[in-house]
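This report describes selected features of one protein model, starting with its aromatic rings. The structure is shown first, and the description follows.

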Amino acid sequence: MAHGSGPLAIYYKPPSSEVHPSVRSMASEAMGGLVLISDADLPRIRGSCVLLVMAAELASGPGAISAALEFYGAPEEDARVVEEVPSGHFGHVAVVEVDLVMTSKKTPLQLVLAMQEAGLAVVQLGPSSQRSREVIDVRSHPQSATQEDVLPGTCIEVINLSWPAAPDLRRTMPARWSSFLRAEESLAAQRKCGAEATEEVCFCGLRFVVPSEQLRPRPSSAPLVQASLECLKACKAARILDLGVGSGALLLAILKSLPNDAQGTGVDIDAGAVDACKENAQRLLNGEKAIL
């Protein structure tokens, strides 16, 4: 593109790639896939970015994201929800499109920080294809103005540019985002069904809440409890670690039979399992002895 006496070049690049050496000395990077080589005496170049966001408070219900955007930004920086779905990890996630006037001062990092000020968090996706490692919990680690760029995996993309002297340039939302939304929607539905199917089962004389068949304690596991108690009977202030704690049946059955100075730690990659274990620990141990 060209305007007036000076050239203007705008092109896209993956955030992880290098700027070509021939333009490095002129480039003012706006990050997030957009490079502005020059922005002196520019006409008003309008554009829009899309962000994948969630409410900073996990308990926020549907409509919370739209409410947070109601008074977002300047009049020319309209922000709207394009798509919102229930999420297995975050309660709800949404694709938000923000209209703005493109300048080198309107960087993707500034948009991410503005979303945080509005009570939202921009999703980050890790590089792994494994679902358990793909989602990065950004609520406890917000992005900062001291950064040079958005953090790796931040879901923000420039998708539209409109300049008076050239046709509009439009890109589609990244396919990975669509896959992520469908996976989160499916996981939320599974957990809802699991919650509706929650039942109580008896194990070692105790009653446990189990949200799914996969977390049901098996009678064949009961000898493990007795063997553990036999090994620990001479120990004072026993410390127990249960990896893959599930609904907590083994760990809590052992702790229930040990003195009050015993403590146990349960770890599980599944949030539904951790929630069930917490509920069982509260019911059986009054929330004491167990760390989840």
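## Aromatic pair

One aromatic pair turns up when the whole structure is searched. The pair consists of Phe203 and Phe208, whose ring centres are 6.3 Å apart and whose planes stand at 65°, an edge-to-face arrangement. Rings of Phe, Tyr and Trp (its six-membered ring) count as a pair if their centres lie within 6.5 Å; planes under 30 degrees apart are called stacked, over 60 edge-to-face, and the rest tilted. Both Phe203 and Phe208 are buried. Here buried means under 20% relative accessible area, exposed means over 50%, and partly exposed is in between (1.4 Å probe, protein chains only).

## Basis of the values

The model is predicted: local features need pLDDT of at least 70 and side-chain atom pairs count only at pLDDT 80 or more, while totals for chains, interfaces and linings use all residues. Residues are numbered from 1 along each chain as its sequence is written, and side-chain values use heavy atoms, with hydrogens and water left out.

## Overall make-up

The chain contains eight helices and 18 strands. These elements are DSSP runs numbered from the N terminus, helices being H or I with at least four residues and strands being E with at least two. Of the 292 residues in the chain, 41% are buried.

Contact means heavy atoms within 4.5 Å. Among contacts between residues at least 6 apart in sequence, 65% join residues at least 24 apart.

## Packing of H6 and H7

Helix H6 (residues 222-232) packs against helix H7 (residues 249-257) at an angle of about 40°, and their axes are 10 Å apart. H6 is therefore oblique to H7. The axes are lines fitted to C-alpha atoms, for helices over the stretch in contact, and angles run from 0 to 180 degrees between N-to-C directions. Angles under 35 degrees count as roughly parallel, over 145 as roughly antiparallel, 65 to 115 as roughly perpendicular, and the rest as oblique.

H6 and H7 cross in a right-handed sense. A crossing is right-handed if the near helix is turned clockwise from the far one by less than a right angle, and left-handed if anticlockwise. On the H6 side the contact involves Leu224, Val225, Ser228, Leu229 and Leu232, which meet Leu250, Ala253, Ile254 and Ser257 of H7. The contact of H6 with H7 has seven nonpolar residues, two polar ones and no charged ones. In this classification Ala, Val, Leu, Ile, Met, Phe, Trp, Tyr, Cys and Pro are nonpolar, Asp, Glu, Lys and Arg are charged, and the others, Gly among them, are polar.

## Packing of H7 and H8

H7 also packs with helix H8 (residues 271-285): the axes come within 10 Å and cross at roughly 15°. H7 and H8 are therefore roughly parallel to each other. The crossing of H7 and H8 is right-handed.

Leu252, Leu255 and Lys256 of H7 are in contact with Cys277, Asn280, Ala281, Leu284 and Leu285 of H8. By class, the residues of the contact of H7 with H8 are six nonpolar, one polar and one charged.

## Helix H3

In helix H3 (residues 108-117), the buried residues include Pro108, Leu109, Leu111, Val112, Leu113 and Met115. Gly119, which follows H3, has a positive phi near 90°.

Ser87 belongs to strand E7 (residues 79-87) and is counted as buried because its relative accessibility is 7%. Beyond its neighbours within four places in sequence, Ser87 contacts His92, Val93, Glu184 and Ala188.

Leu241 is part of strand E16 (residues 239-243) and is counted as exposed because its relative accessibility is 56%. Not counting residues up to four places away in sequence, Leu241 touches Thr265 and Val267. Leu241 and Ile291 are 50 residues apart in sequence, and their C-alpha atoms are 9.5 Å apart in space.

Most residues other than glycine have a negative phi, and most peptide bonds are trans. Cys204 has a positive phi near 55° and sits in the loop between strand E14 (199-203) and strand E15 (206-210). With 35% relative accessibility, Cys204 is partly exposed.

Ala237, which is not a glycine either, has a positive phi of about 50°. Ala237 lies in the loop between H6 and E16, and its relative accessible area of 31% makes it partly exposed.
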